[in-house]
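This report describes the fold of one protein chain.

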Amino acid sequence: MKRIAILGSTGSIGRQTLEVAAHLPDRLQVVGLAAGTNTSLLTEQINRFHPRFVWHSRAARTDLAGGQEGIAWLPLEEMVIQPEVDLVVMATSGKAGLGPTLAALQAGKQVAIANKEVLVMAGELLLPWRGQLLPLDSEHSSLWQCMMGERIEGISRLVLTASGGALRDYSVDQMARVTPGEVLRHPTWKMGKKITVDSATLMNKGLEIIETHVLFGMPYDRIGVLLHRESIVHAMVELVDGMVKAALSLPDMRLPIQFALTYPDRLAGLAPRLDLRAIGRLSFAEVDWARYPCLGLAVEAGRQGGTYPAVLSAADEVAVEAFLRGRLRFLQIGELVEAVLADHRAAGRADLASVVAADTWARAEAGRLVERALERV
Ligand code: MG
């Protein structure tokens, strides 16, 4: 029995993690739940899974109806280090996940991590605990599974696939005029808004390249991207002898989630089975890096290291938020991120304080540039 705490339980990954837990009641026990603002769903989850520990952003326990006896209301950093917690599912988004992730790792917990911002902004800080991090993202789970049984010297390259997002068939002119509604219609995955916009700019793939570097220690010149419209092949591992291992499945996050939670065991799961006859055809193509400036910006920030990935991630968050509110045009997302990165002066070695300071600086700088862009309209 593995006892899990889910941070971000009402979001897309959190909800699917609970589906997996409900499917494997003999293997997984939900002991902690934490959610932001969705009080009604959190109430349902509490009544169904009876966690011992709960955190809720508004601390409005009176909003949560019924069935709360015996629950301890704990701050996230305290919840994740409880002796009753074996594994933490980091399913929040944004930098609020940073403190709890570090606390859990320092306490020796396994952390199944879907939070991109934490891996990207604090990648270098997490290196001492790399062995306790379990990937949840489909691409990184696939890389992890393909690398099993291989020695690192035998691996020549890691390749991530990208669906191309909602605008993959748009001309650059069309991209310039696109609305948030169009961008949010992802062709193959159903996800939160921020990541869906990031999929259209390919910033998501750029962040995933940085995550790949952090999780597996692979140098940037040995991490590649391939356009793959069907989202069936999630990642590939090229071996030095020329053999390529690929991981295939239907796009369903419950599969990588379950693998992280039951690792090293494999159990029958909830995801529908892949029928390649029904898919018929798998296509692959080179990514046009000029069309997706965010991809290059991410790789460059990753190579620079230090506080640059934190600046990239924070600037992108502000830019995407401004786009979703109709305050920036789509192509301005990349322009804004580029401008903030260009203004950044790195502060020597990255420690927690400098990473947090870089994040704060980048948000303010990005906010200032959004205002300036609005004045010009
Ligand atoms: Mg992904």
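**Overall shape**

The model is predicted. The protein contains 17 helices and eleven strands. Its radius of gyration is 20 Å, close to the 21 Å that the globule rule gives for 377 residues, so the protein is as compact as a globular protein of that length. The C-alpha trace spans about 55 × 50 × 40 Å along the principal axes.

Of the 377 residues, 53% count as buried. When contacts between residues at least 6 apart in sequence are considered, 66% of them join residues at least 24 apart.

In soluble globular proteins, nonpolar side chains tend to be buried together. Here the largest nonpolar core has 122 residues, and Leu7, Leu312 and Phe330 are those with the most contacts inside it. Helix α15, residues 308-324, gives the largest share of this core, with eleven residues.

Which residues does Phe330 touch, not counting residues up to four places away in sequence? They are Leu167, Met175, Val178, Val183, Ala200, Thr201 and Phe323.

**A covered helix**

Helix α4 runs over residues 98-106 and is mostly covered, with seven of its nine residues buried. Those buried residues are Leu98, Pro100, Thr101, Leu102, Ala103, Ala104 and Leu105. Gly108 follows α4 and has a positive phi, near 85°.

**A buried histidine**

His228 sits in the loop between β9 (223-227) and β10 (233-239). Leaving out residues up to four places away in sequence, His228 touches Thr161, Ala162, Ser163, Val233, Leu282, Ser283 and Phe284.

**Backbone angles in loops**

Most residues other than glycine have a negative phi, and most peptide bonds are trans. His50 has a positive phi, near 45°, and is not a glycine. Likewise, Leu202 is a residue other than glycine with a positive phi, near 70°. The table sets out phi and relative accessible area for these two residues.

| Residue | Phi | Relative accessible area |
|---|---|---|
| His50 | near 45° | 58% |
| Leu202 | near 70° | 2% |

His50 lies in the loop between α2 (39-49) and β3 (53-56). With a relative accessible area of 58%, His50 is exposed, since exposed means over 50%. Leu202 is placed in the loop between α10 (193-201) and α11 (203-216). Leu202 has a relative accessible area of 2% and is therefore buried.

Where is the cis peptide bond with omega near 5°? That bond runs from Tyr263 to Pro264. Pro264 is found in the loop between α12 (254-262) and α13 (276-279).

Note on methods. Residues are numbered from 1 along each chain as its sequence is written. This is a predicted model: local features need pLDDT of at least 70, side-chain atom pairs count only at pLDDT 80 or more; totals for chains, interfaces and linings use all residues. Side-chain values use heavy atoms; hydrogens and water are left out. Helices (H or I, at least four residues) and strands (E, at least two) are DSSP runs, numbered from the N terminus. The radius of gyration is taken over C-alpha atoms; the globule rule is 2.2 Å times the number of residues to the power 0.38. Buried means under 20% relative accessible area, exposed over 50%, partly exposed in between (1.4 Å probe, protein chains only). Contact means heavy atoms within 4.5 Å. A nonpolar core is a set of buried Ala, Val, Leu, Ile, Met, Phe, Trp, Tyr and Cys residues joined through side-chain atoms within 4.5 Å.
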